[in-house]
Amino acid sequence: MPTITKLYSMEEAAQHNTNDDCWVVIDGKVYDVSSYLDEHPGGDDVLLSSAGTDATEGFEDAGHSKTARDLLEQFFIGELDEPPPPIPKLEIVYKKQEDNGIVGKVLNLGKENWAVPVAAVGLSVAVGFLYLRKK
């Protein structure tokens, strides 16, 4: 026989937010952690601050171990009747910091912009060589 999972609304989960009756929602699953408040390694205030809410982000940010995730399953009482909105993926963008000094400008020159300075140095060397040769 298939197991029937009880469905809860977020409004119903939100009503369970006290020391004696503490529910949290993680990844669309509802957990009654009332009996675990005193044993939680981070203290009961961590769980109570998430009581009756979707605690997915806080749970994931805390970096819980596989053991903690397995332990969580014993407090499972049902699922949300509607899935939670997906957590947006974090996109890290590196912005290159520009140096406005002369050294920064020279180092940031592309290959195509090196032709003029190299030509000027080459011309200077050639003129200097011809000048010294006449003496």
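Two strands are said to pair if DSSP finds at least two bridges between them. The exercises below apply this definition and others to a predicted model.

**Exercise 1.** Determine how many bridges join β3 to β4, and in which direction the two strands run.

*Solution.* 
Step 1. Locate the strands: β3 covers residues 29-32, and β4 covers residues 76-80.
Step 2. Count the bridges: there are three between β3 and β4. Pairing requires at least two bridges, so β3 and β4 pair.
Step 3. State the direction: β3 and β4 run antiparallel.

**Exercise 2.** State the order of the strands in the four-stranded open sheet, and identify which strands form its edges.

*Solution.* 
Step 1. Write the order, which is β1-β4-β3-β2, with mixed pairing.
Step 2. Find the strands that pair on one side only: these are β1 (7-8) and β2, the edge strands.

**Exercise 3.** Describe the backbone at D27 and give its place in the chain.

*Solution.* 
Step 1. Consider the phi angle: D27 has a positive value of about 55°, although this residue is not a glycine.

**Exercise 4.** Characterise the largest pocket by its volume and its lining.

*Solution.* 
Step 1. Give the volume, about 380 Å³.
Step 2. Name the elements that each give two or more residues to the lining: β2, α2 (44-50), α3 (56-61) and α4 (66-72).
Step 3. Count the lining residues: there are 19, and I26, H40, L47, F59 and H64 lie nearest the centre of the pocket.
Step 4. Classify the lining: 14 residues are nonpolar, five are polar and none is charged.

Technical notes. Residues are numbered from 1 along each chain as its sequence is written. This is a predicted model: local features need pLDDT of at least 70, side-chain atom pairs count only at pLDDT 80 or more; totals for chains, interfaces and linings use all residues. Side-chain values use heavy atoms; hydrogens and water are left out. On a 1 Å grid over the protein atoms alone, a cavity is a set of points where a 1.4 Å probe fits but cannot get out, and a pocket is an open set with protein on both sides within 12 Å along at least five of seven lines; lining residues have an atom within 4 Å of a point. Grid points are joined across faces, edges and corners, and a volume is the space filled by probe spheres set on the points. Ala, Val, Leu, Ile, Met, Phe, Trp, Tyr, Cys and Pro count as nonpolar, Asp, Glu, Lys and Arg as charged, and the others, Gly among them, as polar.
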